[in-house]
Amino acid sequence: MSYACIDLGSTSFHCELFKRLESGAFQSLSKLKEPVFLRLSMDEHGCLSPSALERGMVCLKRFGEALKSYQVKEVVAAGTYTLRSIMNQQWVLEQFQQALGYPIRVLSGEEEARLIFAGASSKQPFKLPTLLIDIGGGSTELIVGQGREPFWPKSLPIGCASLSKTYFDGEKMDFDAAIAEAKSCLLGLTIPSWQTCLGSAGTIKTLLTILKAQDLGQLITLDLLYRIRESWTSHEILLGLREDRAQVFPGGLSLLIALFETFRIEQMAQADGGLREGLLGAFIS
């Protein structure tokens with residue numbers, strides 16, 4: 001008997017199967033992922049384009065067919081920033097739900113932030129006050145908490161896809177402007193005291209893959225972010241950068257630089273869990 005968690009993100013859709021252990025914790029069994037680039041495909045009216053709708057429906061039909069081959073007891077599916085912000089939300093949701101065969105809940109920004117923290121702390125509660133950063137395609141979640149309790153969950157309407165589309169589309173490449181816009185979204189934020197910093201989601205995983213491929217360690221620092229920015233500006237090949245992440249990577253890199261500079265982050269490690277684990281704990285009985 002297995003459980004399925006589906007995350008309809010702004011850049012990629014994920015479907016992960018879990019089994020429940022005797023301890024009550026969940027163990028991952030299998031993962032499916034497809035890039036759909038919803039956030040890159042919103043028109044000037046804030047509606048999802050027909051091509052993005054089709055990509056999403058094709059992906060969800062595949063997920064639905066895959067679930068039929070497993071003895072799935074429960075399925076939880078959730079949409080994040082793009083699905084909560086598009087103008088044609090109800091119509092898109094109806095199409096996606098029909099394609100998947102299961103209901104889809106749309107998370108608020110604060111709810112998403114809380115679930116990300118819950119998932120990241122589910123395996124090992126954080127002993128120290130922790131700043132957790134999750135950079136998505138359309139939004140960035142900043143959460144400060146300790147143990148399993150997030151006491152400062154924030155969701156900002158800026159992500160790697162939106163910045164990449166504005167400042168790195170086609171021949172454009174403007175890190176200074178992208179970093180400045182990211183910093184403008186951070187103005188006025190007073191983060192509670194924290195002692196350690198962790199990151200989750202695609203941008204963080206991509207950066208750590210690049211660092212590993214270049215034998216640069218497993219911790220993200222500002223100097224390494226500057227080094228990778230220089231490599232991108234010089235059109236060097238970044239070992240470890242997958243083709244499906246290249247379209248949104250420079251925006252995510254710009255966001256991280258802005259966060260490190262603004263909040264004087266010295267180093268960041270990767271969190272073990274995130275949104276999908278949080279969804280399981282919250283909505284699977």
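Me: Before we start, contact here means heavy atoms within 4.5 Å. With that in hand, which residues is H14 in contact with, leaving aside its neighbours within four places in sequence?

Reply: Keep in mind that this is a predicted model. H14 has its place in strand β2. Once the neighbours within four places in sequence are set aside, the residues in contact with H14 are C5, I6, D7, L32, K33, F63 and R276.

Me: And is H14 buried or exposed?

Reply: The cut-off for buried is under 20% relative accessible area. H14 has a relative accessible area of 18%, so this residue counts as buried.

Me: Let's turn to the largest pocket. Which residues lie nearest its centre?

Reply: The largest pocket has a volume of about 820 Å³. Its lining is made up of 43 residues. Those that lie nearest the centre are H14, A201, G202, K205 and R276.

Me: How many residues of each class does that lining have, nonpolar, polar and charged?

Reply: Several elements each supply at least two residues of the lining, among them β2 (12-20), α7 (202-213) and α11 (275-283). Sorted by class, the lining of the largest pocket has 11 nonpolar, 19 polar and 13 charged residues.

Me: What is the bridge partner of A78 in β5?

Reply: Strand β4 covers residues 72-79, and it pairs with β5 in the parallel sense over 2 bridges. For A78, the bridge partner in β5 is R105.

Me: What is the phi of A201?

Reply: A201 sits in the loop between β9 (196-200) and α7. It isn't a glycine, yet its phi is positive, at about 80°.

Me: R264 has a positive phi too, near 55°. Is R264 buried or exposed?

Reply: You'll find R264 in the loop between α10 (249-263) and β10 (269-270). The cut-off for exposed is over 50%. R264 has 73% relative accessibility, so the residue counts as exposed.

Definitions and conventions
Residues are numbered from 1 along each chain as its sequence is written. This is a predicted model: local features need pLDDT of at least 70, side-chain atom pairs count only at pLDDT 80 or more; totals for chains, interfaces and linings use all residues. Side-chain values use heavy atoms; hydrogens and water are left out. On a 1 Å grid over the protein atoms alone, a cavity is a set of points where a 1.4 Å probe fits but cannot get out, and a pocket is an open set with protein on both sides within 12 Å along at least five of seven lines; lining residues have an atom within 4 Å of a point. Grid points are joined across faces, edges and corners, and a volume is the space filled by probe spheres set on the points. Helices (H or I, at least four residues) and strands (E, at least two) are DSSP runs, numbered from the N terminus. Ala, Val, Leu, Ile, Met, Phe, Trp, Tyr, Cys and Pro count as nonpolar, Asp, Glu, Lys and Arg as charged, and the others, Gly among them, as polar. Two strands pair if DSSP finds at least two bridges between them. Buried means under 20% relative accessible area, exposed over 50%, partly exposed in between (1.4 Å probe, protein chains only).
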